[in-house]
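Work through the exercises below with the coordinates open. Each task is followed by a solution in steps.

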Protein chains: 2
Amino acid sequence: MRASRYLIATLKETPADAEIISHQLMLRAGLTRKLAAGLYTWLPMGLRVLRKVERIVREEMDRSGAQEVLMPAVQPAELWQESGRWEQYGGELLRLNDRHGRDFCFGPTHEEVITDLVRNELKSYKELPANFYQIQTKFRDERRPRFGVMRAREFLMKDAYSFHITPESLDETYQVMHRTYCAIFDRLGLDYRPVQADSGSIGGSSSHEFHVLASSGEDDIVFSTGSNYAANIEKAEAVAPAGDRPAPGADMTEVATPEQRTIDAVAQFLSLAPSQTVKTLIVKAEATEEGEDGGLVALVLRGDHTLNEIKAENLPGVASPLTMASDEEIEQAVGCKAGSIGPVKLELPVIVDRSAAHLADFVCGANREGFHLTGVNWERDLPLPRVEDLRNVEEGDPSPDGQGTLEIRRGIEVGHIFKLGNKYSQAMDATVLDENGKKAVLEMGCYGIGVSRIVAAAIEQNHDDRGIIWPEAIAPFEVAIVTLNAHKSPAVMEAAETLYDQLRQAGYDVLLDDRNERPGVKFADMELTGIPHRFVVSDRGLAAGTLEYKGRRDADKQDLNIEEALPFLANAAPRNSH
Amino acid sequence: MRASRYLIATLKETPADAEIISHQLMLRAGLTRKLAAGLYTWLPMGLRVLRKVERIVREEMDRSGAQEVLMPAVQPAELWQESGRWEQYGGELLRLNDRHGRDFCFGPTHEEVITDLVRNELKSYKELPANFYQIQTKFRDERRPRFGVMRAREFLMKDAYSFHITPESLDETYQVMHRTYCAIFDRLGLDYRPVQADSGSIGGSSSHEFHVLASSGEDDIVFSTGSNYAANIEKAEAVAPAGDRPAPGADMTEVATPEQRTIDAVAQFLSLAPSQTVKTLIVKAEATEEGEDGGLVALVLRGDHTLNEIKAENLPGVASPLTMASDEEIEQAVGCKAGSIGPVKLELPVIVDRSAAHLADFVCGANREGFHLTGVNWERDLPLPRVEDLRNVEEGDPSPDGQGTLEIRRGIEVGHIFKLGNKYSQAMDATVLDENGKKAVLEMGCYGIGVSRIVAAAIEQNHDDRGIIWPEAIAPFEVAIVTLNAHKSPAVMEAAETLYDQLRQAGYDVLLDDRNERPGVKFADMELTGIPHRFVVSDRGLAAGTLEYKGRRDADKQDLNIEEALPFLANAAPRNSH
């Protein structure tokens, strides 16, 4: 491609409304432009990256035996009513009416459509397992779209859905997809981790997320130093402290703690570590089976620990989604404000975290405004309540598999695989005949990859202060040839064209920067857009029979004899490496 | 691909609601399935065809120098308000609201979005010309979607938009696009014609449609026997008859024509040819500049000719879209019913077609219920009114370029190229600085191809009573290998696998039909799905060292020595033919 005939829409200034580095660099490098909130146009340079990601995803899905289909973006409400999601799905579902007033949505996902297709087309267990995927534009009407394509409303997604006659068959395909996702992210050249994920709300039995590691990631992901254990912090189990709970050593005493409303304030006031205190959070209980208000529940954690909301809302008896009680509800139920609550003589159901349940001589609120209790002990001063895993793990916690301790890093979720079981097939009566000629409800898995999100995640992971540093496999162009003074030097243009032809014939995606711009502008653009390899053709070099080469990650440039350029590149970035 | 692991969703019965052959065959061959009115899922076999069409379109667009982008499907209303189309566009525009109640549409086309992009990104004439395209899912909320993907609501389209500083530059790119479209349809292997098209309503200055010829086509397209002239009948000029109008020979006489309400009835009653009569149609006149009702206009044609509505509504003074006057309006204005109207003493503006203006001694309504006038002559019995080209051409008419006569065939429109001029750039203030540093409004062209529609059009043109006959370039698979009795004969399976590997390595898309089905079922499926080349591997053949070959268009099958299979195919369907 010749830059003079190509839209190089680089910006010098960082757009003010771009909060994260990938959003800033995608705008500055001219990869995307905002049309409206959460809606982005992919410019030529950005679309090249997107298509390369798409291609790798498609090739590996095909290799896995999955079959590509393309379902409509617009879906009729009837199917969503059948699965029950027309009502359940919140404001993110973009509902619309056609000219005849019928209800449709712009699909954020396609479980209903594929289940409808499969129940119509597949009749026998002999046709299973089957795994169908598509790469398609989806819409999720985010309340607050932000971070560019990282959390856009319209986005490109690969979604796959597998169907099975047995859970064992689902498990096999699930493993194939796990391996396929690893192959995809390996080929993309990204540093990623598959981690165990919560599957509570979708109701499946197993789930893994694939995260691109980046310090700007929104998710905390947890690894063991001593094993392969890895999980989203939402899911990572906080094991009970080792050994027995220490014996009581102090008497329970009520102390005045005026104006001390936070754990840190109380701990400091009493000259104790926060880990010697407990905090008591009041949340809504699960509604009764008749659908009536279930009242409130108290959750007790060690003062230095944080509540894991996902774990809490997955517990029987706790409302999902997790809903904190209001100040009024707390005062009415307990008789004091939130800062003075404690589990002693509390007239609410109580659930205590494993670590808090291991404390002796701890401090808690006295359920009396401005007072706390010290020297409190379970089973002496109050019964030990229901004990559960309620908290987020912390760095240094023991790994739940017993090997090593936990580390926490930030990740960007770019893939998610799920065993759905029969959630959709049951609701939509998707069955086939089994070996005995009987109707069997299908087992189902689903497997998503955020194709457009990967582009942003790759940048979050790979950039420096000069711009993007693309992994070779998804760079918009692999090689840039920058001409210096070409508009006055036919020799430079001729040498550049020769190299351009040579590299293209060898199979490289080459951008020939033949623009009539100052060298500094061209160098800056090629670095900003992150092209992995750069050759510079100049009169000075030609006089010495050399080209200048610089890799995007290199600190220094080097001179190569002209005829060395291709073999040098073939060594640095071999063709047919996949 | 192994058929045993692939969704071969063929149907024996023709679905009742499929009206045209391509819709029937796409369902029967398992290419698509209907999700809802005008919404189709592409099954694996169909998607392979769609992707091959898409790929050819992309490659040729890239070769033309156009730059691929991807704009959002969902577009904000503000841009459509700016161009004026938010109000003008009818019920086909799928309007929707996001969660905040803002107005959007699911884009049926992208003139506004690309014009907005270009006015923001391009600043100087030096960056022009530029031609941007995308291949994208679009939505047109057809009142009555039908004919499967031929006229679906959601469809895949290639749309391109070019920008220029001068009309000459637009003309150059227009010609490049014309050549590119020819290259695309050549590669697709379709019998097609570029034809002149009406561009009145979009207001551009020039327009060509690309039609796939098929007897089931919805459009009449017109060719000259003696030149390259080709046009949509909407556009094809009906030239004035040669020579002078004959001199009057009869007196004008009023005759009673009781109950004779049609041209044919009147002509028969008077023992005349319909070509000796004229018919007078009353339509609405153009609204005044102040927007007031412009009244009515009479259009006069020869009795045997048909009105060309596009030509009529493009005329100054005639309402667009063309609107026939109601019976009440006619009676009120003329004093008789529609069947008795004529131009003599008619108190309305009259426009007469060129052929009707050439008549002498003609018959027309007397503007008196149940009476006609015979022997009427222009300029003797009434003034010659305004003469225009009002009618559709007919087979045998002289070609408007003076060379040969016209033939009419049916076509399916699959592409359309347009000079838009400055319609959008003016309305949206899209300018760049010209050579003199002055703001210049951009010239614009647009170029569409109905990617999904091509799949249906290819079938309309290429099928027989056994199913689809794909052009080689877009067949889902190029070669089928059918095994007979393979589940009992390891030798058959082994020979089939060997051939399968051999053909794939030679670069062919091969479907190995290894299903445990009767031979008749397999043969029927391979013919229904239209795979161009078929090999049959059987025990009987292997005993003789042969395979059976049959081309999809062949009447007879033939036996080939096993080792001849690849060279034979290489000759019949050479690789790298593009």
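**Exercise 1. An arginine at the interface**

With which side chain does the side chain of B:R153 make a polar contact? Then place B:R153 in its chain and describe its surroundings.

Solution. The model is a predicted one.

Step 1. The polar contact joins the side chain of B:R153 to that of B:D141, at 2.8 Å.

Step 2. In chain B, the loop between β7 (130–139) and β8 (154–164) holds B:R153.

Step 3. Buried means under 20% relative accessible area. B:R153 has 1% relative accessibility, so B:R153 is buried.

**Exercise 2. The interface as a whole**

Describe the extent and make-up of the interface between chain A and chain B.

Solution. 

Step 1. Count the residues: 52 of chain A are in contact with 52 of chain B.

Step 2. Take the area. About 4,200 Å² is buried between the two chains, and carbon and sulfur atoms give 61% of this. On the chain A side, A:L35, A:L70 and A:R99 supply 17% of the area buried against chain B, more than any other three residues.

Step 3. List the polar terms. The rule finds six salt bridges across the interface, and 20 residue pairs in polar contact, both residues at pLDDT 80 or more.

Step 4. Assign the chain A side to elements and classes. Helix α2 (residues 44–63) of chain A gives the largest share of that side, five residues. By class, the side consists of 30 nonpolar, six polar and 16 charged residues.

**Exercise 3. How the copies are related**

Solution. 

Step 1. A turn of 180 degrees with a shift of 0.0 Å along the axis superposes chain A on chain B, with an RMSD of 0.2 Å.

Step 2. The two copies are therefore related as by a two-fold rotation axis.

Step 3. The C-alpha of A:L96 is the one in chain A nearest the axis, at 2.9 Å.

Step 4. Of the interface residues of chain A, 100% are also interface residues in chain B, so the copies meet through the same surface.

**Exercise 4. Burial within the chains**

Is B:T173 buried or exposed?

Solution. 

Step 1. B:T173 lies in helix α6 (residues 167–188) of chain B.

Step 2. Its relative accessible area is 12%, so B:T173 is buried.

Step 3. For helix α11 (residues 451–461) of chain A, 11 of the 11 residues are buried, so the helix is largely enclosed by the rest of the structure. Among them are A:R453 and A:E460.

Step 4. Of the 578 residues of chain A, 56% count as buried. Chain A contains 15 helices and 30 strands, and its C-alpha trace spans about 90 × 70 × 50 Å along the principal axes.

Step 5. Among contacts in chain A with a separation of 6 or more, 69% join residues 24 or more positions apart.

Notes: Residues are numbered from 1 along each chain as its sequence is written. Chains are lettered from A and ligands numbered from 1 in the order in which they are written. Side-chain values use heavy atoms; hydrogens and water are left out. Contact means heavy atoms within 4.5 Å. Buried area is the accessible area (1.4 Å probe) that two parts lose on being put together, summed over both. A salt bridge is a side-chain nitrogen of Lys or Arg within 4 Å of a carboxyl oxygen of Asp or Glu. A polar contact is a pair of N or O atoms within 3.5 Å; within protein, one must be able to donate a hydrogen and the other to accept it, and residues adjacent in sequence count only if both atoms are side-chain atoms. Helices (H or I, at least four residues) and strands (E, at least two) are DSSP runs, numbered from the N terminus. Ala, Val, Leu, Ile, Met, Phe, Trp, Tyr, Cys and Pro count as nonpolar, Asp, Glu, Lys and Arg as charged, and the others, Gly among them, as polar. Buried means under 20% relative accessible area, exposed over 50%, partly exposed in between (1.4 Å probe, protein chains only). Copies are superposed by least squares on the C-alpha atoms of residues with pLDDT of at least 70 in both.
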